Amino acid sequence: MSMKWLFRIVSTAAVILWMCLVFGFSGQKAEQSTGLSTRVSIDIVETVNEIGHQNWPEETVTDYAKKIEYPVRKCAHMTEYAILGWLAFAFFCSFEMRPKIRYIAALGFSFCYASTDEFHQLLIPGRSGQFTDVCIDTAGAAIGLLLLAILIKIGRSHCTKRAHTLQ
């Protein structure tokens, strides 16, 4: 088995496993999902309170947690899909195609999965499928892929400069 096929198998497995993780989060009932977001928001506020030596009362911590819960939830969505975008890009790297096409394919794949994920949520009690969430998820993938492109460019530039200084 060639390294190319091995990479394709590993990257396929990684994409499928990540999709299963996202599917699992989307399959949570509304109360579970909200509870997780609330817990994460409280943890963030408590950490800020502790690091900043604010000594906020519990009521203040809860109020701040409620205020950041929605952005925290949406950032989690974006992060999930940034990672999906990276994994999809890795998968598409196992095929002969131009680099720009790999980015487009990874973004398109992420958009399609986000769409099916929101449809899946229509079937979960207390959840709803929102096109705005598809857009947020796709934006997360786009930002993740943009960061990946920048890191790849920096890495290649660094390697090229290093190769010239070694000669």
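Guide: The model under discussion is predicted. Its protein chain has five helices and zero strands, and the pattern along the sequence is α-α-α-α-α.

Visitor: Why is the protein chain called more spread out than a compact globule?

Guide: The globule rule gives 15 Å for 167 residues, whereas the radius of gyration of the protein chain is 20 Å; that value is well over the rule, so the chain is more spread out than a compact globule. The C-alpha trace spans about 60 × 45 × 30 Å along its principal axes. Of the 167 residues, 31% count as buried.

Visitor: What share of the contacts between residues at least 6 apart in sequence joins residues at least 24 apart?

Guide: That share is 69% in the protein chain.

Visitor: Why is H1 called roughly parallel to H4?

Guide: Two packed helices are described by the angle between their axes and the distance between the axes. The axes of helix H1 (residues 3–26) and helix H4 (residues 99–121) come within 10 Å and cross at roughly 30°. That makes H1 roughly parallel to H4, because angles under 35 degrees count as roughly parallel. The crossing in which H1 passes H4 is right-handed.

Visitor: Which residues of H1 and H4 meet?

Guide: From H1 come Val15, Met19, Val22, Phe23 and Ser26, and they meet Phe109, Tyr113, Asp117, His120 and Gln121 of H4. By class, this contact of H1 with H4 has six nonpolar, three polar and one charged residues.

Visitor: Which residues does H3 bring to its meeting with H2?

Guide: H3 brings Val61, Tyr64, Ala65, Ile68, Glu69, Val72 and Arg73. The residues they meet in H2 include Ser37, Val40, Ile44 and Glu46. The residues of the contact of H2 with H3 divide into nine nonpolar, six polar and three charged.

Visitor: What makes H3 oblique to H4?

Guide: The axes of H3 and H4 come within 8 Å and cross at roughly 135°. That makes H3 oblique to H4, because roughly antiparallel requires an angle over 145 degrees and roughly perpendicular ends at 115. The crossing of H3 and H4 is right-handed. On the H3 side, His77, Tyr81, Leu84, Gly85, Ala88, Phe89 and Phe92 take part, meeting residues of H4 that include Arg102, Phe109, Ser110 and Tyr113. The contact of H3 with H4 divides into 12 nonpolar, three polar and three charged residues.

Visitor: How do you know whether valine 15 is buried or exposed?

Guide: Buried means under 20% relative accessible area. At 7% relative accessibility, valine 15 counts as buried. Valine 15 lies in helix H1 and, not counting residues up to four places away in sequence, touches Leu84, Leu87, Ala88, Phe91 and Phe109. The C-alpha atoms of valine 15 and alanine 88 are separated by 6.3 Å, although the two residues are 73 residues apart along the chain.

Visitor: How is leucine 84 classed, buried or exposed?

Guide: Leucine 84, placed in helix H3, has 0% relative accessibility and counts as buried, because the cut-off is under 20%. Leaving aside neighbours within four places in sequence, leucine 84 is in contact with Val15, Trp18, Met19, Phe109, Ser110 and Tyr113.

Visitor: Why does histidine 53 count as exposed?

Guide: Exposed means over 50% relative accessible area, and histidine 53 therefore counts as exposed at 64%. Histidine 53 is found in the loop between H2 and H3. Its phi is near 50°, a positive value in a residue other than glycine.

Visitor: And what makes asparagine 55 exposed?

Guide: The relative accessible area of asparagine 55 is 69%, which is over the 50% cut-off. Asparagine 55 is also found in the loop between H2 and H3, with a positive phi near 55°.

Methods: Residues numbered from 1 in each chain as written. Predicted model: local features only at pLDDT ≥ 70, side-chain atom pairs only at ≥ 80, totals over all residues. Heavy atoms only, no water. Axes fitted to C-alpha atoms, helices over the stretch in contact; angles between N-to-C directions. Helix = DSSP H or I, 4+ residues; strand = E, 2+ residues; numbered from the N terminus. Parallel < 35°, antiparallel > 145°, perpendicular 65-115°, else oblique. Left-handed = near helix turned anticlockwise from the far one by under 90°. Contact = heavy atoms within 4.5 Å. Nonpolar A, V, L, I, M, F, W, Y, C, P; charged D, E, K, R; others polar. Rg over C-alpha atoms; globule rule 2.2 N^0.38 Å. Buried < 20%, exposed > 50% of the residue type's maximum accessible area, 1.4 Å probe, protein only.
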